[in-house]
Amino acid sequence: MRMFRSVTIGQHIPGDSVIHRLDPRTKILSAMFLIVLLFVVKGFVGYGLVALGLALVIRASRIPWKFVIRGLRPLMVILVLTLTLHLFMTEGRVIFQVWFLKVTWEGLIRGLMMGTRLVLLILGTSMLTLTTSPMQLTDGIETLLKPGKKIGIPAHELAMMMTIALRFIPTLLEETEKIMKAQMARGADFQSGGIMQRARSLIPLLVPLFVNAFRRADDLAIAMEARGYRGGEGRTKLKELKFQRLDAVALGLVITFSVLVGAFF
Amino acid sequence: MKEPLIRFTNVNFIYAKTHGEEGQAALKDVNLEVFEGEFVAVLGHNGSGKSTLAKHVNALLTPTSGQVTVAGFDTSDQDSVWEIRQKVGMVFQNPDNQLVATTVEEDVAFGPENLGVPSAEIRRRVNASLEAVDMLSYSLHSPHQLSGGQKQRVAIAGVISMLPKCIVLDEPTAMLDPDGRREVMKTIHRLNKEEGITVLHITHHMDEVIGADRVIVMDEGRIVLEGTPREVFSQVDLLRSLHLDVPQVTDLAERLRNRGYSIPKGTLTVNEMVMLLCPSD
């Protein structure tokens, strides 16, 4: 039972490429531009250009293609589903017909478009998570959300919650494994039976897990308070984010590219 | 005479009532003075009030009656709480539940970040603190990759990066294996000797008390015994009646004395015992 050993949080691959060195804010904003762009573009030429741009970015990140492509694997089911649904459910010029199932030109094209859109979306956003550590990502989100404080967005609190979640995921996984073993030693069975029975067998796992998590939360709150934590006000950082010239150039390129491609294709 | 760093004056503390039960008195008329640079150990079995005592030192709890002052600040005064928490760092029992960040260095930086220290100074303090607990080479590790003793040393680094005058350790070794315990005790003693940090060490391991300057024994919320380790451990019968053990060597000395050997009370270390039994050397 070493089921949880292989779990890594996020999929960050450390490196020292241009993309790695960019400020997380630059990368988050770029990813957002990409998402909007993908919903504005309405033709294969546009998608082709986006794919080309993305390929250049992936190249510059020096992350092996195999890792990038691997990110698509969990998406396969959705991709196939999207394609089939569009293929069969769209009215239009029929290519061929089997009984009541009609495959149309319009369906084929729309299915391919949606599929390409999804693939590019995932590739683009995984470039963000592959080249940015969870800690940097959190810092980036915090600073980006900071202006939202005036309208009540708790930027610092959200970032703190993410940090603590990241910190405790491995701890809780270890604990889950420990409790599971303990319950199995006493004859609990987590593997057999139907869905209902399996769900029910999780209760003796979840109850102690939750009770412990609450106790941990309590301890952690006291420890944080003892170390002078009093919210984001007046806090400094070990690593301040720095928006450098490289970031200005990169963001400028992304914006120009998005506007041009979005306007013409 | 020098002003004590920590002073408890007639402190009583009663835990709030829960579910209609009577509130429990955890501290009863405690008077205590701790001076700068001292290593004070607090002994007591479970429920003796030693943890409650610890939480009073950095204002996590405030007395129901009486007064606690730290470096001249009253812990009951809301405005001085942050001042006090900077002066008194606290290390807790469970090494897992007190590390906040995803990497060792970020965690050590957490305290100074809260104090609003500039980045460059934080970096300097983080490296110095990790160096002091001998964990500098682990600065980019994530906490769950560390052993219990290492985690506890990181927690200590996280406290000393705030440059406190005093560290309160609330049973820091209770959840560690013997190796981890030894690492942590060595670190605490070194910080006390070399950096001059005042230590208030709360424990129920007798062996960890031997190196202290002063020992305080608590029972049912009261201080029942106070003195050097030698003085305290010469009271074997009293300690036993409080459900506390004595160090092995002291126990042996007691047995030998009962058999008529002339071994003085309060013999603490193996070396002492060897010298007493084989004085020819």
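Here are some questions and answers about the predicted model above.

Residues are numbered from 1 along each chain as its sequence is written, and chains are lettered from A and ligands numbered from 1 in the order in which they are written. As this is a predicted model, local features need pLDDT of at least 70 and side-chain atom pairs count only at pLDDT 80 or more, while totals for chains, interfaces and linings use all residues.

User: How many helices and strands does chain A have?
Analyst: Helices (H or I, at least four residues) and strands (E, at least two) are DSSP runs, numbered from the N terminus. From that end, the elements run α-α-α-α-α-β-β-α-α-α-α-α-α. For chain A that comes to 11 helices and two strands.

User: Why is chain A called more spread out than a compact globule?
Analyst: The radius of gyration is taken over C-alpha atoms, and the globule rule is 2.2 Å times the number of residues to the power 0.38. For 265 residues the rule gives 18 Å, and chain A is well over that, so it is more spread out than a compact globule, with a radius of gyration of 24 Å.

User: Which helix of chain A gives the most to the side that touches chain B?
Analyst: Counting two residues as in contact if their C-beta atoms, placed from the backbone, lie within 7 Å, 27 residues of chain A meet 35 of chain B. Helix 7 (134-145), helix 8 (155-185) and helix 10 (203-226) of chain A each supply at least two residues of that side. The one giving the most, with eight residues, is helix 10.

User: Where in chain A is the pLDDT below 50?
Analyst: pLDDT is the predictor's confidence in each residue, from 0 to 100. Chain A has a mean of 86, and 96% of its residues reach 70 or more. The stretch below 50, which has 10 contacts beyond near neighbours in sequence in the model, is residues 1-9.
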